[in-house]
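Open the model in your viewer and keep the selection tool at hand. The stops below say what to select next and what is there.

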Amino acid sequence: MGQSGKRALALSGGGFTGYLFEIGALTALDDLFGDGFLVNDFDLYVGVSAGAAAASLVANRVSPEDILKTNLSGQRPYYFEHRDIFTPALGEGIKTVWRVARQLIPLLQLYVRHYGEMTLIDLLDKAQDALPGGIYTLEPFARYLETTFKANGLSNRFTGLTKELYIPAIDLETGESVLFGDEGWREVPISRAVAASSAAPIYFCPVRIQDRDYIDAGIGRLTFFDIAVSKHVEFMILINPMFRAPHRQLMHGEGADGRRAARLRDKGFLSIGEQASRINFEARFSQALTLFQQSHPDTELLMITPSHHDALLFERSFLSYHDRVLLLRAGYWAVANAVRDRFDDLLAQFARHGIPLSRARFEDRMQPRMAQLDQVAAASGRPQHQTTVVPAVPRPPGLGWRKADQREGSL
């Protein structure tokens, strides 16, 4: 590793499904590393949206295996229940009742005068000041994280960490990105920074920090590459669960469970919106990655994404405990597939940055790990996920192991 170069681990968004995929992948990386090197030994961590929760834990030296085990057993402290994240924004509802009451008479008068011309959209446009800021609030999640950090001896302060941790979010009013953990933003509690970075609009209310409102960092500028440059990163592993499901391939066939695959439009507007956000993210990510590679060819970037054949992440039953197990398994296999297909390339790449790999250790750990995951899935009555080993591909979507130095012939 160069004198000033850092080794970074970056975790992208993707909702709660993405968080579980990342934990599975991080556990696999820990099983792959040799000579005592751990996921907790990187110099710098970046967490965006759902990835911020995972990044805050590993930066606090919580092992991915411990997080995985709590999700398998359904026990605290790193097992997030539905109530921890999806708490209805009752306070917003109270505000909304007052706003509606205040605006109801003027709206009715307006409608009576123009009822032949006004549509539902027109009414919503006029009444939008009375609508809530989101369906759910992340305030309970921020409090739960704060309590968890304190109870387990973890730091809720960026300055209390031995490693660098950066969590971006977007100022709702100005549209500008802020980087919690950076100079001038280190006094913000990590728990609130995680909540702010995860506040996806419509679903969650903005998170208030120091008299400003913040929303999900995943909808703005992709900060991974900016951070890699400004923080002198030499090698970055990016786990990116934001994979667009190949529904076009499944549309006229059957899914893994033998049932005919449904069209996305039949899944409702929320699924359509989620697919649209993934299409948008993929386009922005590909463009930003290309520019980054052209501008900084000496910085290596290795990316882990779900397999083409794994459509599990896009089912809308992601709150099911049964699906949690399969998502953890999918993340683990994303790494396992790459080890099978390109271990020699990975061995050389990691060695350039002082990170040892052990294939023998990985294979010894992989078998009992997968057996445990299959056992829990079977005990819960969920069909076991069919693993497909696919070759690593040099472009998204799918499993992509990227080398930023184009002079060596890869992307």
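Select S49 first: apart from neighbours within four places in sequence, S49 is in contact (heavy atoms within 4.5 Å) with G13, S197, S198 and D216. This is a predicted model, in which local features need pLDDT of at least 70 and side-chain atom pairs count only at pLDDT 80 or more, while totals for chains, interfaces and linings use all residues. Residues are numbered from 1 along each chain as its sequence is written, and side-chain values use heavy atoms, with hydrogens and water left out.

S49 lies in the loop between β2 (44-47) and α2. Helices (H or I, at least four residues) and strands (E, at least two) are DSSP runs, numbered from the N terminus. Is S49 buried or exposed? S49 is buried, because its relative accessible area is 8%, and buried means under 20% relative accessible area with a 1.4 Å probe, protein chains only.

Step back to β2. L44 and V46 point one way from the strand, Y45 and G47 point the other way, and all are buried. In a regular strand the side chains alternate between the two faces of the sheet.

Next, show the partners of β2. Two strands pair if DSSP finds at least two bridges between them. Strand β1 (residues 6-11) runs parallel to β2, joined by four bridges, and L9 stands opposite Y45. Strand β5 (residues 164-171) also pairs with β2 in the parallel sense, over three bridges; here E164 stands opposite L44.

Which residues make the contact? From α1 they are G15, Y19, E22, I23 and L26, and from α2 they are A50, G51, A53, A54, L57 and V58.

Move to another sheet, an open one of three strands in the order β3-β4-β7, with mixed pairing. Its edge strands, β3 (87-88) and β7 (202-204), each pair on one side only. β3 pairs with strand β4 (residues 134-137) in the antiparallel sense over two bridges, and T137 is the bridge partner of T87.

Finish at helix α9 (residues 223-230), where T223, F224, F225, I227 and A228 are buried. Just after α9, select H232, which takes a positive phi of about 60°.

Methods: Buried means under 20% relative accessible area, exposed over 50%, partly exposed in between (1.4 Å probe, protein chains only).
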